[in-house]
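Work through these exercises with the structure open beside you. Try each task before you read its solution.

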Amino acid sequence: MIVILICTIISFSSAYDVTILHTNDIHTRFEQFGPNGACSAQDSSAGNCYGGSARMMTKVTEIRSQVANTVFVDAGDMFHGTMWYHVYKGNASRNFMNLLKYDVMALGNHEFDAGLGKLSEFLKGVNFPVISANIDATKNPDFGKLFTKYTILTMGGEKIGFVGYTTRNTPNFSRPGPTLIFTDEIKAITDAVSELQNQGINKIVAVGHSGYDIDQQIAAKVCGIDAVVGAHTHTFLYTGKPPTNHKPAGPYPTVVKSECATESNKIVPVVQAYEFGRYLGRLELTFDDGGVLTSFNGKPILLDKSVVQDTALEQEVKRWQPGISAFAAQELGRSHVYIDGSRATCGLYECNMGNLLTDAMVQEIQRFPDSSQWANASIAILQAGDILASIDNKPPGIITISNMHAITKYDNVIDELTMPGSILIKALELGVANYNKSKPSSLFLQVSGLRVVYNLAKPSNERVHSVEVICTQCKVPRFVPMDKNKMYKVLAPSYIGRGFGGFSVFRDKQVIHREGTLLTRDASIAYIQARSPLITRLDGRISFLKASNTSPCTNNASGIKPMLILLFVMSALIQCVIYR
């Protein structure tokens with residue numbers, strides 16, 4: 001009798017399953033790529049190439065053919081990041097997203113990098129809805145017609161709502177112009193969810209681009225949300241042992257408990273799919289008849305050599321490549337000297353590539369000079385891990401756009417950090433904490449506007465012997481001793497400036513963070529174009545105390561008193577001779 005009862009209950013309860021395939025922060029990686037950028041012939045033969053639209057097509061098509069109710073979404077930042085964007089702006093993104101048959105896309109901050117004109121062209125040409133609930137386009141109604149707060153998809157006879165969101169800091173990151181207002185994500189999503197619920201939609205997913213922390217806040221604070229598909233922080237989430245050496249920032253999915261009084265026992269899954277299309281996110285959701293999420297699971301799928309590239313899409317990528325090749329070959333300038341960007345040098349010592357790149361940051365981010373200061377910031381720092389190649393001076397010593405993309409593959413913008421000297425010294429200490437000449441460190445900092453002396457005889461975290469800084473509130477720039485308590489403006493790549501890559505010290509509450517928009521690479525390109533031919537040299541901005549000079553006072557002190565005594569005795573003898 002019990003068995004019959006159970007079967008009866010099951011027969012009246014129908015589960016609804018939906019599979020969400022998701023990407024984020026693709027940044028125009030339509031070609032497969034290797035461990036350090038472009039997929040070289042060597043990388044390809046070794047099976048060390050990942051991602052690319054052709055692999056994505058194979059895996060998405062496979063899952064769609066096998067699993068009902070599959071939806072494919074992107075959480076933003078399809079734009080910018082490679083030469084593809086410089087050449088084609090949003091046209092390549094539109095083409096490949098349409099071919100991949102995305103169902104929904106949320107707007108990321110980098111979609112606004114070329115202004116609303118280019119973004120409008122993209123939005124008019126895509127075959128899927130683009131969403132963001134927290135962009136107020138009241139002052140620009142024509143642009144406002146090109147996207148929507150949310151969309152409703154019908155699959156397997158059920159309706160699911162997708163609500164979009166975009167980081168409220170987009171005006172600091174990009175160029176959306178003055179006619180758009182980016183509002184608080186949580187309030188905007190809450191209002192959109194209410195609208196969907198009023199239409200009878202009881203299964204709702206947030207898809208957006210504000211970062212892992214905000215994603216979790218949305219999951220906790222927005223009542224009615226069943227899952228959050230995020231982006232912006234390029235967060236790698238994984239449960240269990242990852243298939244590569246990337247370290248997860250959390251589990252996939254990350255489970256967040258709802259703080260809503262009406263949903264006291266509800267938990268909400270939060271996911272991201274790392275970056276560049278290396279992984280395809282896959283989240284499985286199961287709802288009951290009432291639209292209640294009853295279970296979820298999934299994991300990101302690594303798009304490696306095990307996933308065969310779709311032939312047709314691979315050929316489509318090749319069709320676009322001639323424009324990229326022509327762009328890459330453009331000459332920026334020339335160098336009369338070898339500019340060393342090797343890790344063996346830049347990870348241990350001052351290198352002239354580090355000098356070039358950090359000087360470019362200072363030169364290109366000049367703001368607010370007035371009668372009291374010649375520059376807003378005279379200091380720049382760059383971790384050695386951001387320098388990936390050298391510039392050869394073999395005649396004719398040509399520097400191309402391709403060279404600069406090889407040197408700075410990462411798409412960091414230049415952020416401005418205001419901090420006390422003590423915090424900057426802690427950052428400098430990180431680069432030499434585990435100093436080992438046989439293991440150059442990616443954390444070693446190249447600098448501009450500083451003279452740093454290290455004492456490796458000291459223990460870790462005590463190795464910064466002295467720091468001088470170029471003054472800004474002075475008529476003639478000169479080096480002065482750094483004051484640990486004084487506030488300094490420091491330019492840094494966004495990756496470390498926002499506390500990643502081991503530089504959590506920059507998340508200290510004393511640090512005031514101003515997010516930038518100019519890429520470090522673009523600053524270097526402008527700098528080279530203005531100063532060609534280059535003769536970038538080493539100028540002693542980073543040095544080390546020699547072992548014999550680590551304690552100059554101590555080393556000489558033992559000889560001071562005997563010498564004084566000897567001089568006194570000799571003086572007395574001379575006087576005696578004279579008086580006799």
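A polar contact is a pair of N or O atoms within 3.5 Å; within protein, one must be able to donate a hydrogen and the other to accept it. Keep in mind that this model is predicted.

**Exercise 1. Describe the surroundings of N412.**

Step 1: Locate the residue. N412 sits in the loop that runs between helix 14 (401–407) and strand 21 (414–420).

Step 2: Decide whether N412 is buried or exposed. Buried means under 20% relative accessible area. N412 has 6% relative accessibility, so N412 counts as buried.

Step 3: Find the polar partners. The side chain of N412 makes a polar contact with the side chain of D386, at 3.0 Å. A polar atom of the N412 side chain also lies 3.0 Å from the backbone nitrogen of Y495.

Step 4: List the contacts. Neighbours within four places in sequence are left aside. N412 then touches D386, P493, S494, Y495, L518, L519 and T520.

**Exercise 2. Examine both faces of strand 22.**

Step 1: Recall the rule. In a regular strand the side chains alternate between the two faces of the sheet.

Step 2: Sort the residues. Strand 22 covers residues 445–448. L445 and V447 are on one side, and Q446 and S448 are on the other.

Step 3: Check burial. These four are all buried, and both faces are covered.

Step 4: Find the partner strand. Strand 19 (residues 379–383) pairs with strand 22 in the antiparallel sense, over four bridges. In this pairing, I381 stands opposite V447.

**Exercise 3. Classify two of the aromatic pairs.**

Step 1: Start with the total. The whole structure holds 25 aromatic pairs.

Step 2: Take F236 and Y279. Their ring centres are 5.1 Å apart and their planes are at 35°, so the pair is tilted. F236 lies in the loop between strand 12 (227–229) and strand 13 (254–257), and Y279 in strand 15, so the pair ties together parts that are 43 residues apart in sequence. Both F236 and Y279 are buried.

Step 3: Take Y435 and F544. This pair is tilted too, with 5.4 Å centre to centre and 50° between the planes. Y435 is in the loop between helix 15 (421–432) and strand 22, and F544 is in strand 28, so the pair ties together parts that are 109 residues apart in sequence.

Step 4: Judge the burial of the second pair. Y435 counts as buried because its relative accessibility is 16%. F544 has 24%, so F544 counts as partly exposed.

Technical notes. Residues numbered from 1 in each chain as written. Predicted model: local features only at pLDDT ≥ 70, side-chain atom pairs only at ≥ 80, totals over all residues. Heavy atoms only, no water. Buried < 20%, exposed > 50% of the residue type's maximum accessible area, 1.4 Å probe, protein only. Helix = DSSP H or I, 4+ residues; strand = E, 2+ residues; numbered from the N terminus. Pairing = 2+ DSSP bridges. Contact = heavy atoms within 4.5 Å. Phe/Tyr/Trp six-rings, centres within 6.5 Å; stacked < 30°, edge-to-face > 60°.
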